[in-house]
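Reader: Could you walk me through this model, one feature at a time?
Author: Gladly; here it is.

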Amino acid sequence: MDFAYKTLVVLHFIGLASIIGAFLVQTRASTKRIEPAMWHGALTQLVTGLLLVGLAEMGDADVDNIKIGVKLLVLVAILVLVARGRKKASVPTGVWGAVGGLTVLNVVIAVFW
Ligand code: HEM
């Protein structure tokens, strides 16, 4: 269980890196786009996040449901932005910024809450 949990945490970090990496490489690009890595990263966060909660509930760890609920809401917002933009040639800079900003917000929630 411990091994499975830690493996999921590693995958959770890879999903995070996937979104933030695809965000950061576009910092200086004049037109922004939703990279496949953002879509796959966001889906990875959803799947690994839910599985982490499931494993934690099965064990004796306490899960903060409000914190998880807020993280889930933030991720749903990311998923909506990414799903709507991923087939487009470019997206407004605000959409690109929101994807990066909301992802960082979830990191801040994960670490500070
Ligand atoms: C963009 C979306 C997300 C980002 C960037 C993110 C980021 C993180 C980070 C950085 C950690 C490590 C915190 C630490 O070890 O101190 C973490 C842990 C965790 N995340 Fe997420 N997360 C996201 C979405 C989610 C979602 C949607 C869920 C649940 C539905 C979730 C559930 C968890 C759980 C249960 C942990 C605890 C792992 C542990 O330290 O035992 N995450 N997340």
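Author: Let us begin with the metal site. Donors are N, O and S atoms within 2.8 Å of the metal (3.2 Å for Na, K and Ca), and water is not among the atoms, so sites may look incomplete. Six donors count as octahedral if opposite ones are over 155 degrees apart and all others between 65 and 115. Keep in mind that this is a predicted model, where local features need pLDDT of at least 70, side-chain atom pairs count only at pLDDT 80 or more, and totals for chains, interfaces and linings use all residues. Residues are numbered from 1 along each chain as its sequence is written, and side-chain values use heavy atoms, with hydrogens and water left out.

Reader: What arrangement do the six donor atoms around the iron atom of the ligand have?
Author: The ideal angles for six octahedral donors are 90 or 180 degrees. Here the angles subtended by the six donor atoms run from 84 to 179°, so the arrangement is octahedral. The protein supplies His 12 (NE2) and Lys 71 (NZ), 1.9 to 2.0 Å from the iron. This pair joins distant parts of the chain, 59 residues apart: His 12 belongs to helix H1 (residues 2-24) and Lys 71 to helix H3 (residues 65-85). Helices here are DSSP runs (H or I, at least four residues), numbered from the N terminus.

Reader: Are His 12 and Lys 71 buried or exposed?
Author: Buried means under 20% relative accessible area, exposed over 50%, partly exposed in between (1.4 Å probe, protein chains only). His 12 has 18%, so it is buried, and Lys 71, also with 18%, is buried.

Reader: Which residues come nearest the ligand?
Author: A residue is near if one of its heavy atoms lies within 4 Å. Of the 18 residues around the ligand, the nearest are Tyr 5, His 12, Gln 45, Lys 71 and Asn 106. Tyr 5 places a polar side-chain atom 2.5 Å from a ligand oxygen atom.

Reader: How many aromatic pairs does a search of the whole structure find?
Author: Rings of Phe, Tyr and Trp (its six-membered ring) pair if their centres lie within 6.5 Å; planes under 30 degrees apart count as stacked, over 60 as edge-to-face and the rest as tilted. The search finds one pair. Phe 23 and Trp 96 are stacked, because their ring centres are 4.3 Å apart and their planes at 25°. Phe 23 lies in helix H1 and Trp 96 in helix H4 (residues 93-112), 73 residues apart. Both Phe 23 and Trp 96 are buried.

Terms used:
Tetrahedral: all angles 85-135°; square planar, octahedral: opposite > 155°, others 65-115°. Helix = DSSP H or I, 4+ residues; strand = E, 2+ residues; numbered from the N terminus. Polar contact = N/O pair within 3.5 Å; in protein donor to acceptor, adjacent residues only side chain to side chain.
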